[in-house]
Each structure stands twice: as C-alpha cells, then as structure tokens.
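Trainee: Could you take me slowly through one part of this model, showing what lies around it and how it is arranged? I would like a single connected account.

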Amino acid sequence: MKYRCPHCGEKGFMFVEKIDFLPRWLPEYFQGARCSICRERAVYHSRWGGRIGHAVIQSAIIVVVPFLVFFLATLPTGRAPVYWLLIGVLVAAVLLYVFKWLFCHLDKPTHAERVGNPTFRITVPAAVRMWPRMRVGEIYLCRFPKKGLHLDAPYVIGMIEKAEKQGDQREITIRVVKEYLPKGLEPDEGVWVLTDGDFHLEGVVTLPHRRQNEE
C-alpha cells in the first residue's frame, strides 16, 4: 500500500513510512519522511493538535504505557519481573504504530506551505460512513462525472481537511494538492472522492476554489 505526497500528490510513501517504521539517526527523527518521487519532506500530523499534538501523543505513549503496564503487573504481588517492562515497551510500540496508521497523516512542514494551496468544499450524505475507509488528513483522487471519469478527464488530488456533520449532510473541506482543471469547478457540480479500494464518496461542490487565507 502506498500513500500520496502532500507536495506532489503522487504515491511516494510506503506503509512503513506512513507509520514511521524506519530506523534513522535521532537528529533526523523529527524531520519526517521524504517522498520517493519529488524528494520533498513531509512531517507527521495528528488529527488532534496537528504536528504538536502528534509529538505530545507519541511521547505520552512511549513514556507512559511501558510504566503503566509494569505498574499493573506489580499489583497482584507487589512486585513483577523486569521482563514486564519489556512487554510494556512492545505494547507501546503496537499502540504507537496503530495511532500513526489510523489517526495521523503526512503533511507539509510549515503553515505557510499548507495555506498556499486552494481549497474547495463539498457536501455528502451524513448517513454514509467515512471512517476508517476514508479519513481526515489523507489524500485522495477526486473525479467529476460532468467532466468525465476516464483516465485523461479533469481531476483533483486533494487532502480532506475537515468533515463536519450538519443535519443530514456532511460538509467536507478539501485542500488541493494537485489538479488538472482547465475550466475550474462550478457550484452544485457532482464530485466523486475515490479511494484505492472499492469505496468512494459521491457529493456536490458547494464552494469552489479559494485560498484558505482568503476565507
């Protein structure tokens, strides 16, 4: 499985890079991963608190979970073999990689880079369940039936930034990473947001292209 780059929009990251399962020197650890196609770096963001939230939650898992497991192991007898600390480290590692897989995404390093991309909004039926097949922070291919669904038809590669439920509909904000749209988007135009699997969202454009700092 490969993941799209927030710089070029291509599938430049392997699953092991998505979950940060790559050994490297400590000074490079917080620099993120490098796209295999455009060679730009992407850093890790959490759904809660962005880059800072990712660092805080990651640190909490690494530090707290091993000692919590060891402490719980000591409760029945008042002491526990040291290997319970190792078990705690393994538990923390599993939780950390699951957290990175399900609740983290790769993004551009700086706020200025992120707001430099235009955004647009679509609405989809709230009854359609997105998570975990489609998640906030991940990057997907968007097709427009009115413009054609063939490989050479106009498209957008965009990151889902927000998904807010409003009554019987869900409003989704998509940040454009890459696009081929000779004629732009129109209000009320149909859009399909596609995953690599058999799942896709069918929605309607409610707010065409605009830059985030213009809202």
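Mentor: Please keep in mind that the model is predicted. Helix 3 covers residues 50-74, and its partner, helix 4, covers residues 83-103. The axes of the two helices come within 8 Å and cross at roughly 150°; because angles over 145 degrees count as roughly antiparallel, helix 3 is described as roughly antiparallel to helix 4. The crossing in which helix 3 passes helix 4 is right-handed. On the side of helix 3, the residues that meet helix 4 include H54, I57, Q58, I61, V65, P66, F70 and A73, while among those they meet in helix 4 are W84, L85, G88, V91, L95, F99 and K100.

Now turn to the surface, where I62, V63, V64, F67, L68, F71, L72 and L75 form a nonpolar patch with about 790 Å² of accessible area together. V63, a member of this patch, is found in helix 3. I62 and F67 belong to the patch, and they are also listed among the residues of helix 3 that meet helix 4.

Two backbone details remain. Most residues other than glycine have a negative phi, and most peptide bonds are trans. D20, in the loop between helix 1 and helix 2, has a positive phi of about 60° although it is not a glycine. The peptide bond joining W131 and P132 is cis, with omega of about 5°, and P132 lies in the loop between strand 6 and strand 7.

Technical notes:
Residues numbered from 1 in each chain as written. Predicted model: local features only at pLDDT ≥ 70, side-chain atom pairs only at ≥ 80, totals over all residues. Heavy atoms only, no water. Patch = residues over 30% accessible without salt bridge, like charges linked within 9 Å, V, L, I, M, F, W, Y side chains within 5 Å. Areas by Shrake-Rupley, 256 points an atom, 1.4 Å probe, with all protein chains shown as cover. Salt bridge = Lys/Arg side-chain N within 4 Å of Asp/Glu carboxyl O. Helix = DSSP H or I, 4+ residues; strand = E, 2+ residues; numbered from the N terminus. Axes fitted to C-alpha atoms, helices over the stretch in contact; angles between N-to-C directions. Parallel < 35°, antiparallel > 145°, perpendicular 65-115°, else oblique. Left-handed = near helix turned anticlockwise from the far one by under 90°. Contact = heavy atoms within 4.5 Å.
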